[in-house]
Amino acid sequence: MKYLLLLILFSCVGTHAQGLYQRGESFAFIGPMFHFNFGGGEHHFSIALEASYWKDVFVNSNAPLMGVDVGIEYEFGGKFRIYGEGQTGGILGLSAGPVVEFKNGESTLGFQSSLWYAFILGVDMRWRYTDKNYWAPGVFGKVPLPLWKAFPNS
């Protein structure tokens, strides 16, 4: 029953955000991400908190949205990451950018890219290169936060 209530809550938030959306607006999203990381003989789960900012830069077209995201991620096994990515898309999207990984008191600069399918709840496939190639399929949930330039009816 509690899962049904959560699904209804996420659906209402999504419907509310879609109803508020107009061409040219900006949106922010925030939420948790869960990945299964494997590569280089290792495999560990990770949990992250990611925030993104989206802008409809091509106001009078059906072009994809443009955005950026930032995140912090802890991988069970002793790794911690901070990342930022440029992104494009909408329900289906692609992102890429730098990542800094910390392990055993040392830091490594790397690169990662993700392909996802989602609105509120979604799935993604992430590829990351730090010291080796890693793949990380995952799931996530995001809460949309519309950003207004002015209050409605003002």
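**Bridges, strands and a core**

Mentor: This is a predicted model. Start with Met 33: its bridge partner in strand 2 is Ala 48. In strand 8, the bridge partner of Met 33 is Phe 140.

Trainee: Why is the contact between Lys 142 and Glu 50 called a salt bridge?

Mentor: A side-chain nitrogen of Lys must be within 4 Å of a carboxyl oxygen of Glu. For Lys 142 and Glu 50 the N to O distance is 2.8 Å, so the pair qualifies. Lys 142 sits in the loop between strand 8 (133-141) and strand 9 (143-147), while Glu 50 is in strand 2 (residues 42-55). They are 92 residues apart. Both Lys 142 and Glu 50 are buried.

Trainee: What makes Glu 73 and Arg 126 a salt bridge?

Mentor: Their closest N and O atoms are 3.8 Å apart, and the limit is 4 Å, so the pair counts. Glu 73 is in strand 3 (residues 65-75) and Arg 126 in strand 7 (residues 121-129), so the bridge ties together parts that are 53 residues apart in sequence. Glu 73 and Arg 126 are both buried.

Trainee: Which residues are linked in a network of salt bridges?

Mentor: Glu 50, Glu 73, Glu 75, Arg 81, Glu 101, Arg 126, Arg 128 and Lys 142. Within it, Glu 75 meets Arg 81 at 2.6 Å, N to O. Both of these residues are buried. The whole structure has nine salt bridges.

Trainee: What makes the largest nonpolar core a core?

Mentor: Its members must be buried nonpolar residues joined through side-chain atoms within 4.5 Å. Ten residues make up this core, among them Met 33, Ala 48, Ala 118 and Phe 140. Strand 1 (26-39), strand 2 and strand 6 (106-118) each supply at least two. Strand 1 gives the largest share, three residues.

Trainee: Which residues does Ala 118 touch, beyond those up to four places away in sequence?

Mentor: Gly 90, Ile 91 and Phe 140.

Methods:
Residues numbered from 1 in each chain as written. Predicted model: local features only at pLDDT ≥ 70, side-chain atom pairs only at ≥ 80, totals over all residues. Heavy atoms only, no water. Helix = DSSP H or I, 4+ residues; strand = E, 2+ residues; numbered from the N terminus. Buried < 20%, exposed > 50% of the residue type's maximum accessible area, 1.4 Å probe, protein only. Contact = heavy atoms within 4.5 Å. Pairing = 2+ DSSP bridges.
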